[in-house]
Amino acid sequence: MIDHGKKLSLTAALAVVLAFAAASCASARHIRQAQDAFNHAATDENRVFAVGRDAMVAQPSFASGATNYYRTALALVDRELGDNLADLKQDHLYGTALMLKAMCLWRLADLEDLAVLGDASAQPSAKGPSARDDGLSATLQTVRRELDAGSITIGERDRVMLFALPGLRDHDRGLRAKTMDRARAFFESAIDETDKAPGLAHVDERHPVVIYVRCAQLSSCRAWQDAAGKLAADADERNTEIKAASARAKSVLTGLKPLYDENPALKAIVSSLANRLGVALP
Amino acid sequence: MLNPETILFAIRAGLQLYGAARKAYIDGTRGRPLVLPLPRAPGVTFTTAIAFFLGDGQDIAEANPRVAELIATDDLSDDEKAELVELMIALRPSEPPETETPGAVPGLIGSEEDLLALVTVRQWANGRYGPEPTALQQVAGTLVNLAVDYFTQTPGAVSESHPEGRALKAFLEALDDKDFATIEVTDIAPELMIAVVESVSAHPDLLAGGQKEQELVKHVTSSLASSAKTFLAEASSAERREASQWLQLVGRSLLETGAETVLANPQRFLGVGEGEAALISRVGTVVSDLVIGEDSLTFRPLLSADGLNKVTSAVLAAIADNPDLLKLEDAGVKSILLAVAADVAKLPNLLSKDVFPELVRLILEKSSANMDLIWGRRFRSPKRHLLVTASQALLKELSRKTTGATWAPALTGTQLLTTAEAVLDEVVDNPSWLVSRAGQSDSVLGEAIQAVMDTLRSVDGDRISADTGLAILRVALGAVGNHIGFLGELPATANGPARVAISAALDAVFATVFADGNEAEAQWTLARNSALTALVEVALDELADTAIGDAEIAVLRDVVSQTLASGTRFRVERFAEILRQRLEQAA
């Protein structure tokens, strides 16, 4: 039997253990909070995507809301990388944190560009989109360097995103291009870079992140068509560009066919994307 | 006083409990799903239409000069752009049925939920790459947060010397089982953990002992996770949330109401043998399958939390008495529950929640005690289960809507169950009740119930209470049980059509007692519901000793009439004596 005094002591000691346990997971908890904020922002963005970009323009609060969540996520990750780097490395969360940071920077660069381009409700960052781009490049370089050195490990999703992010960023640049040539170059680069990502990451086509990448490519094809409608000098150039974008989209859809043929939910979404592109499913 | 020994002990205990959880928490953070945002692009615009008319719709464009003109125009006005989109929508072939949503805006992604699911990407693919997270790893984050909140309120409970601490450990061990590695338990695990810990907290004696109790928690958790694995893998988030609440109820129910039965029969439920070890798990799976499985839409409306406890308790008690109930080819207990639920679901909603758990209890109690008798030695289908069949016959008749019925009381659950118990007892006493007679599609029981109910329904609804009607039904069934001649058919006469003897006898009593010309004082006595029930009981008892024919029915009518006319107080014994004498004379 434990006497009353010992029991009290035990309770107090256990409270210390609990505090220790909670404190020892603090870095992971902060990374999770950052993940939550990122997911919140990305969910908002994807809801807008579901109804088309016009809704984003018509309801700028979507963009500013998502921007704020991405900033929160970035701040949390940056704090952990600054204050608790050793813990992150010890818990093998360093790579996770860096990739989360890279994804936040990608989205903030795009959304803050949107603010600079005239959406008054979305407050641009003091650092500006170009600073976000620099930060994104530096972060991706760090991840590659650490991976090469074998000092971090990242999972399959993060590996694909590591190689896809430059292409995804090119998509955003294509959205802002002022000439048809620049727009085409960015969108083609976006499609090509993301196309290579699964292979470079050694991840199978059936991994969900690869399906995401294919949908992103369809989005780039669609943005390319849209750019042609705005930037082409005449009908001939516009139609040529649209045909080229549609051909790339057909190619992506053909690659997706085996997957959507066995997944009705995927087929419904891909079918909607194909509708936007004006092409039929293969 | 804190001393080094105490601190070290506490740290050891604490770390033992949290060590695995901390690792799982961190692993789970690394593998956590992220929502990946799709790069921005517009929906359907005029460039969509141009793409269509230049590609798949080229033939249409060539056949339509206006389209050809528009897509060759350099600077399209806003009206022309809108016209192109309208032309595309009007001229393009219909979408394949599986991808077309009636009335949907072209290019609008119909299901946001599906899109979000598509872009919510796990770190590792399912079982194909890299280390596969256990269920515990998937949910460690949520669980640790919950546990910290919970145990902050009662810090001592985290120790393994405390029931909640032991329950938590057993729960975590069950979730960490590799068998559940591919279950998406994110939505269900927190609810289950709360159910386990709170159940133990409310009843600390549940885990007052040692290994057996922890085994109980592990088996219960495993069985619920197993059901979740079977039924929730493809479920939507909303379905999972709802299902997890039901699983929480089942978990509480199994622990709180079942522990006594299980721990009183540890060899049976938690046994050491290969076949017996999973008995409690199988019970858990049966119950949880019902509330989250394919038949959940039938079951959930029939069960309150209290009702679920009754069902769980009844199942466990029946299994404790007769484990064979679980070893049937067609999942014996489950098929009984399914069959009863299907019948009870036809009752009015307000009644079904009261009736289902109790009816299940009645049937299982009597089943476990009379297994071979009521189901035969080769248990196969619930259709062969005599008590299920009997309750079905009763419920079918009681819920039958009849036009022109004057006696159609709204029955209470208690009334219905009292009647059901009497019927089930009759069947246990004589299973031949469920045998169909030559030329009849219904069983003897079904035929008898229908005959009595048809007669009751023709009585003035203001004269006979529901209790009396059901009492007369029980009395009548007892009479048929004693003398099958009550189901014999009396030929048509000048006064009426052919009818079953039991109906004719009851009708003779009712028609005479409630006839308009009776003396008010006499009718006052005999029409009392208690007197009427006694009158029917005695009448049928005396008739049972005779060959029932029109003459005997006429005698009955006459004796009842004389009793009414006598003006004396009604005495059952006297009535019985007179009727017996008159029947003997008639014979």
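## Reading salt bridges and helix packing in a predicted model

Mentor: Let's open with a pair in chain B: B:E358 and B:R361 form a salt bridge, with their closest N and O atoms 2.7 Å apart. A salt bridge here is a side-chain nitrogen of Lys or Arg within 4 Å of a carboxyl oxygen of Asp or Glu. This is a predicted model, where local features need pLDDT of at least 70 and side-chain atom pairs count only at pLDDT 80 or more, while totals for chains, interfaces and linings use all residues. Residues are numbered from 1 along each chain as its sequence is written, chains are lettered from A and ligands numbered from 1 in the order in which they are written, and side-chain values use heavy atoms, leaving out hydrogens and water.

Trainee: Where do B:E358 and B:R361 sit relative to each other in the helix?

Mentor: Helices are DSSP runs of H or I with at least four residues, strands are runs of E with at least two, and both are numbered from the N terminus. B:E358 and B:R361 are three residues apart in helix α18 (residues 349-369) of chain B, so about one helical turn separates them.

Trainee: Is B:E358 buried or exposed?

Mentor: Buried means under 20% relative accessible area, exposed means over 50%, and partly exposed lies in between (1.4 Å probe, protein chains only). B:E358 is buried because its relative accessible area is 18%, whereas B:R361, at 28%, is partly exposed.

Trainee: Which residues do salt bridges with shared partners join into one network?

Mentor: The members are A:E45, A:R107, A:D110, A:D133, A:R169, A:D170, A:D172, A:R173, A:R176 and B:R40. Over all chains, the count comes to 34 salt bridges.

Trainee: Which parts of chain A does the salt bridge of A:E112 link?

Mentor: A:E112 pairs with A:R71, with 3.1 Å between the closest N and O atoms. The two link distant parts of the chain, 41 residues apart: A:E112 is in helix α6 (residues 94-116) and A:R71 in helix α4 (residues 60-83). A:E112 is buried at 0% relative accessible area, and A:R71 is partly exposed at 24%.

Trainee: How is the packing of two helices described?

Mentor: The angle between the axes and the distance between the axes describe two packed helices. Axes are lines fitted to C-alpha atoms, for helices over the stretch in contact, and angles run from 0 to 180 degrees between N-to-C directions. In chain A, the axes of α9(A) and helix α11 (residues 235-260) come within 12 Å and cross at roughly 5°. The two helices are therefore roughly parallel; angles under 35 degrees count as roughly parallel, over 145 as roughly antiparallel, 65 to 115 as roughly perpendicular and the rest as oblique.

Trainee: Which residues of α9(A) and α11(A) meet?

Mentor: Contact means heavy atoms within 4.5 Å. A:M180, A:R184, A:I191 and A:D192 in α9(A) meet A:E237, A:E241 and A:R248 in α11(A). A:R184 also forms a salt bridge with A:D181 (3.1 Å, N to O), and both lie in helix α9 (residues 180-201), three residues apart.

Trainee: What does A:T96 touch, not counting residues up to four places away in sequence?

Mentor: A:T96, in helix α6 of chain A, touches A:I31, A:Q35, A:I154, A:D158, B:T29 and B:R30. A:T96 is buried, with a relative accessible area of 4%.

Trainee: How many helices and strands are there in chain B?

Mentor: Chain B has 28 helices and four strands, and buried residues make up 50% of its 587 residues.
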